[in-house]
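User: I would like a close look at a single part of this model, followed by its setting. Please give the cut-offs as you go.

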Amino acid sequence: MLIELSGVSKIYNQGRANEVRALTGIDLGVEQGSMVCLKGPSGSGKSTLLAIIGCIFPPTSGKAAIAGRQLARLPDRFLTLHRRETIGFIFQRFNILPELTVLENITLPLLPLGVPPKERKQRAQELLERFAITHRAQFPAGQISGGELQRVAIARALINNQPIILADEPTAHLDTALSREFMEIMQQLKAGGKTIVIASHDPLVFEHPAIERTVTIKDGRIHVS
Amino acid sequence: MAPRNLEKQLNILDYALSSLWRRRMKSLSVLLVFAAVIFLLASFQMVTQALTDKASQVLAYTPEITLQKMSAGRQEAIPLAYRDRLAGIFGIRRVVPRIWGYYFDEVRLANYTVMGMDVREMPEGDRLDTALAKGTIPGPEEQGRVVVGQSIVKALNLDERNTFSLFRPDLSLKTFTVSGAFSRDTDIMTNDLIVMSLADARDLYEIPAGLVTDLCVYVANPKEIGTIARKISAILPGVRVLTRPQIQKTYQVVFGWRSGFGSICLLAALASFVILAWDKASGLSPEERREISILKVLGWETSDILAVRFWESVIVSGLACIVGMTAAYIHVVYFAAFLFRPVLMGWSVLRPDLHLVPRMAVGNILLILAFTVVPYLAATVIPAWRSATVPADSALGG
């Protein structure tokens, strides 16, 4: 298993008046090269689960092993380093920085890795060609279309060739055509060996034939129907 | 190929530059205010240093010891006969009598300094001609001829004519012919000065024969100034003995005090700027919060975000230093420090048209950096901790 969670719980503000139990007893395994959808309404805990898988923070209790490394009690710095090497993120609304150019946005994850400009540009060029947005490379990201923005976000998630792609409500603000295009690209990536976890409550996503398994989360627990 | 860590720092520096460029209006406004503060501080330092240097250069031509007779704490005329009583002190090269006084011009409401002495009696009196822009110093036989400072030339319109008259105490007029003018390089000392023969000065002030205002003592070995001064004090107890190092020190203290006073006022401006910078750096806009959380999800560490903030501050403060110090240099050299002249030069009516050559010692530059760049870095980087610890998960949905 590339992703293995066992009895994972997450409590925000533990011991304080505003304590929130976001996840309780989550057991989940995701094999390498598979595509899984985390389904559930807003506030169900999908993003929290995605954040734990994405090494953004460790679980409060339980075991979480990502790409062979146990996350529990791992210091913040090591979580970041592990995230850099392992996880590519695609955000809701894509979270592209609008003042930066398309090329700069795509290469952002490479800056703290000390990748020299020439190599950064070369790697980005390959992705720009792959997603047919080479002509937009020097455009400010705030001036490109929604479909192009989506491809920029995917290119940024792939720039460091991480084995796991996590997508958080990627189609929430897209029309049907763009949502379909997004899922086609995910399917291609899966075929290329990437492991993909998508948090979404969009039927276009969780009913897509490329999704091998849909995990329903409700009130912070995996819901078995 | 550069090592990865160096390459990382270069990448972060590159990002900091692009970040400043993206917020160029904000960056530019901070830079301009900061440069203005540095400009004021550096100007003060440069002017003070230049004035002190200039005073030292000019004082090098003054007598090593000046004697003035005091009575009831006030200066009065000193008998020429005192010269003979100093004859026994070994090490005195020459004693030259001088009449030094002030003349108030009621028409122009200005004070002139009048100095009457026979310069040829001075050990290196011939060299005084080098302090002149034109003409020669009048000799004892050249009655009615004077050398004047640049402000006198301007005040009495002596470019167009070469004679002028001053009133004696009995209100009769004494006419002078200008035989030369001091160079601008000596402005700090000669600006309002009229040099004439001892006899002319005696006539102008109606000082009786056998009396002068002070005696200038020239010594053979400058290292013996202190010893000779003590011996003179012992022989002439009612006489004030002023040594050149004492006068130099007085100038330094006066300029230093004025500069210090001005610097304290400027430090208040600096403090306000630092508080403003702190306030700006600690408050995060929603866009900045979002940017930081995105960067953190993409694998940037807290230290990387701090490094971006650090480089931004270094670039802003570095540029502000270059702009501020260059502007200060131009202000002092080409505009004769017009902003600070009233404070540093005093409030006399005839202010010198200074042609200053600023000198900035490494210590002064470090002092300015310590008072400007270091507080700015602290005021921007320390609160950046708060911004750099924005949780990465705030970039994710609910």
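Which residues of helix 7 (residues 225-235) of chain B are buried?

Analyst: This is a predicted model, in which local features need pLDDT of at least 70, side-chain atom pairs count only at pLDDT 80 or more, and totals for chains, interfaces and linings use all residues. Residues are numbered from 1 along each chain as its sequence is written, chains are lettered from A in the order in which they are written, and side-chain values use heavy atoms, with hydrogens and water left out.

The buried residues of helix 7 of chain B are Ile225(B), Ile228(B), Ala229(B) and Ile232(B). They lie on the same side of helix 7 of chain B because they cover an arc of only 105° around the axis; the arc is that of the directions from the helix axis to the C-beta atoms. An α-helix has 3.6 residues a turn, so residues three or four places apart point the same way. Arg230(B) and Ala234(B), on the other side of helix 7 of chain B, are exposed. Buried means under 20% relative accessible area and exposed over 50%, with partly exposed in between (1.4 Å probe, protein chains only). Helices (H or I, at least four residues) and strands (E, at least two) are DSSP runs, numbered from the N terminus.

As for the chain around this helix, chain B has 12 helices and 13 strands. Of its 398 residues, 50% are buried. Among the contacts in chain B with a separation of 6 or more, 79% are between residues 24 or more positions apart, a contact being heavy atoms within 4.5 Å.

Chain B also meets chain A: 34 residues of chain A are in contact with 26 residues of chain B. The two chains bury about 2,700 Å² between them, 58% of it on carbon and sulfur atoms; this is the accessible area (1.4 Å probe) that two parts lose on being put together, summed over both. Between chain A and chain B there are 5 salt bridges, each a side-chain nitrogen of Lys or Arg within 4 Å of a carboxyl oxygen of Asp or Glu. Glu99(A) forms a salt bridge with Arg22(B), with 3.9 Å between the closest N and O atoms. On the side of chain A that touches chain B, the elements giving two or more residues are helix 1 (46-53), helix 2 (76-86) and helix 4 (117-130) of chain A. Helix 2 of chain A gives the most, with 5 residues.
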